[in-house]
Amino acid sequence: MTENIEQPSSNIYQNIDPRNVGIYTAADAARYLRVPYTTVRSWVFGSKYHTKIGSKRFEPVIKIPDTKTKLMSFTNLVELHTLNAFRRVHQLTLDKVRQGIEYLQHTYKMEHPLAYQKLYTDGADLFIEQFGKFVNASQCGQLVMKEIIQIYLKRIEWDNQCLPAKLYPFTRPQESELPRLIVIDPFVSFGQPVLSGTGIPTKIIAERYSSGESINHLAHDYNCETLLVEEAIRYELASVA
């Protein structure tokens, strides 16, 4: 039997788009996205490091809704997912990322460029698609007509304004073409990871499994296939390992 998960309304967030409300801690983001905790903190909050001439500060790359609470939004999760792809898969330097972000924020008035659908990389620079042409955001707007690589790995669902609507996090290391069985949707279950199409939080399933309930029993209770239950357990237990 599927649980009836209450959905957040816009009034709860004082008419702010739920995608832009801070609800995730750095630990949440690290667990959901399989990104090291220290990396998340550096990209979001910045960090200090020591050199021969003294202490320097690594400035954050991603802007969060409220620096006092240090809570991230769904849009920030998408940015972290994208930035991780830039860095891990395409080896794009953070200097190039920063240059691209600053150019897009200034030129196109984008508050969160890393969460825009038509953003690409060729491993050296950031590009944005505008009016059928590719603009090199890392080189202050130079037009390019070269083949480039889309980096989102088909894990993000977009709305009609090219903004992120849903994120399907990676559930297994170094595998990008897996079925999209787990989804993070800011309009479902208050943005917790859930089984796609059900609204059932993966955390609840993993907790019941850890308490001794069988996969078949859980699949019967939630009226879903055992494959979904197994994926929820794999996702949650791997993230706390």
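## Helix packing

The crossing of helices α1 and α3 is right-handed; a crossing has this hand if the near helix is turned clockwise from the far one by less than a right angle, and is left-handed if the turn is anticlockwise. This is a predicted model, in which local features need pLDDT of at least 70 and side-chain atom pairs count only at pLDDT 80 or more, while totals for chains, interfaces and linings use all residues. Residues are numbered from 1 along each chain as its sequence is written, and side-chain values use heavy atoms, with hydrogens and water left out.

Helix α1 covers residues 26-33 and helix α3 residues 74-89; the two pack at an angle of about 50°, with 11 Å between their axes. Helices are DSSP runs (H or I, at least four residues) numbered from the N terminus. Axes are lines fitted to C-alpha atoms over the stretch in contact, and angles run from 0 to 180 degrees between N-to-C directions. The pair α1 and α3 is therefore oblique, a term for angles that are not under 35 degrees (roughly parallel), over 145 (roughly antiparallel) or 65 to 115 (roughly perpendicular).

Helix α1 also meets helix α2 (residues 37-45): their axes come within 9 Å and cross at roughly 125°. The helices α1 and α2 are therefore oblique to each other, and α1 passes α2 in a right-handed crossing.

## Aromatic pairs

Two aromatic pairs are found in a search of the whole structure. In one of them, the ring centres of Y24 and Y32 are 6.0 Å apart and the planes stand at 85°, so the pair is edge-to-face. Rings of Phe, Tyr and Trp (its six-membered ring) pair if their centres lie within 6.5 Å; planes under 30 degrees apart are stacked, over 60 edge-to-face, and the rest tilted. Both Y24 and Y32 are buried, where buried means under 20% relative accessible area, exposed over 50%, and partly exposed in between (1.4 Å probe, protein chains only).

Y103 and Y108 also form an edge-to-face pair, with 6.2 Å from centre to centre and 80° between the planes. Y103 is buried at a relative accessible area of 16%, whereas Y108 is partly exposed at 27%.

## Charges over rings

The charged end of K70 sits over the ring of F45, 5.6 Å from the ring centre. This term requires NZ of Lys or CZ of Arg within 6 Å of the ring centre and within 35 degrees of the ring normal. The charged end of R180 sits over the ring of Y168, 4.2 Å from its centre.
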